[in-house]
Amino acid sequence: QVQLVESGGGLVQAGGSLRLSCAASGRTFNSKSMGWFRQAPGKEREFVAAIRPSGDNTYYADSVKGRFTISRDNAKNTVYLQMNSLKPEDTAVYYCAAGPTYYSVYSAGSYDRWGQGTQVTVSS
């Protein structure tokens, strides 16, 4: 089973950038869809971005499209989220998730492995 550990979160000024990493262990990483979700205080967990096993197909929430880029390096068992032009409303705990390919990448329920989360705080 895949195990996930996020890193790269921190405090950044509005307009700045961060790159999150999700390191995976396990032999099936390159057969999993990978997603990034986030949860702000008092809000529901929401979809941010996802990527299929080959990396050919990527998906983004409208709120981050054009600012965030998801990518994966299957040789390193790692998925990334490059976040540019950050806004205060991007402040949240960001979670990496892995799941099978036959469910929707947009739904949190589609994923069966989750990382511990990493805090991203964007100051105004």
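**Close-up views of the predicted model**

View 1. Four strands make up an open sheet in the order 1-3-8-7, with antiparallel pairing. Strand 1 and strand 7 (68-73) are the edge strands, each with a single partner, so one side of each lacks a neighbour in the sheet. From one strand to the next the twist averages 15°. The model is predicted: local features require pLDDT of at least 70 and side-chain atom pairs count only at pLDDT 80 or more, while totals for chains, interfaces and linings use all residues. Residues are numbered from 1 along each chain as its sequence is written, and side-chain values use heavy atoms, with hydrogens and water left out. Strands (E, at least two residues) and helices (H or I, at least four) are DSSP runs numbered from the N terminus, and two strands pair if DSSP finds at least two bridges between them. Axes are lines fitted to C-alpha atoms, for helices over the stretch in contact, with angles from 0 to 180 degrees between N-to-C directions.

**View 2. Strand 1 and its partner, strand 3.** Strand 1 (residues 3-7) and strand 3 (residues 18-25) run antiparallel and are joined by 5 bridges. In this pairing, glutamate 6 stands opposite cysteine 22 of strand 3. In a regular strand, side chains alternate between the two faces of the sheet. Buried denotes a relative accessible area under 20%, exposed over 50%, and partly exposed the range in between (1.4 Å probe, protein chains only).

View 3. Strand 7 pairs with strand 8 (residues 78-83) in the antiparallel sense over 6 bridges. Phenylalanine 68 stands opposite methionine 83 of strand 8.

View 4. The structure has 1 disulfide, defined as a pair of cysteine sulfur atoms within 2.5 Å. Cysteine 22 and cysteine 96 form this bond, with their sulfur atoms 2.1 Å apart. The torsion about the S-S bond is about -80°, so the disulfide is left-handed. The pair links distant parts of the chain, with cysteine 22 in strand 3 and cysteine 96 in strand 9 (residues 92-99), 74 residues apart. Both cysteine 22 and cysteine 96 are buried.

View 5. Phenylalanine 37 and phenylalanine 47 form an edge-to-face pair, 5.7 Å centre to centre with 75° between the planes. Phenylalanine 37 lies in strand 4 (residues 33-39) and phenylalanine 47 in strand 5 (residues 46-51), so the pair ties together parts 10 residues apart in sequence. Both phenylalanine 37 and phenylalanine 47 are buried. Phenylalanine 37 also pairs with tryptophan 114; the ring centres are 5.3 Å apart and the planes lie at 55°, so this pair is tilted. It links distant parts of the chain, from phenylalanine 37 in strand 4 to tryptophan 114 in strand 10 (residues 113-114), 77 residues apart. The relative accessibility of phenylalanine 37 is 1%, whereas tryptophan 114, at 28%, counts as partly exposed. Phe37, Phe47, Tyr59, Tyr106, Tyr111 and Trp114 form one aromatic cluster.

**View 6. Arginine 45 over two aromatic rings.** The charged end of arginine 45 sits over the ring of tyrosine 95, 4.0 Å from its centre. The charged end of arginine 45 also sits over the ring of tryptophan 114, at 4.9 Å from the centre. The criterion places NZ of Lys or CZ of Arg within 6 Å of the ring centre and within 35 degrees of the ring normal.

**View 7. A network of salt bridges.** The structure holds 4 salt bridges, each a side-chain nitrogen of Lys or Arg within 4 Å of a carboxyl oxygen of Asp or Glu. Arg38, Glu46, Arg67 and Asp90 are linked in a network of such contacts. Arginine 67 and aspartate 90 meet at 2.8 Å, N to O. This pair links distant parts of the chain, 23 residues apart: arginine 67 is in the loop between strand 6 (58-60) and strand 7, and aspartate 90 in the loop between strand 8 and strand 9. Arginine 67 is buried at 11% relative accessible area, and aspartate 90 is buried at 0%. Glutamate 46 forms a salt bridge with arginine 38, their closest N and O atoms being 2.7 Å apart.

Definitions and conventions. Rings of Phe, Tyr and Trp (its six-membered ring) pair if their centres lie within 6.5 Å; planes under 30 degrees apart count as stacked, over 60 as edge-to-face and the rest as tilted.
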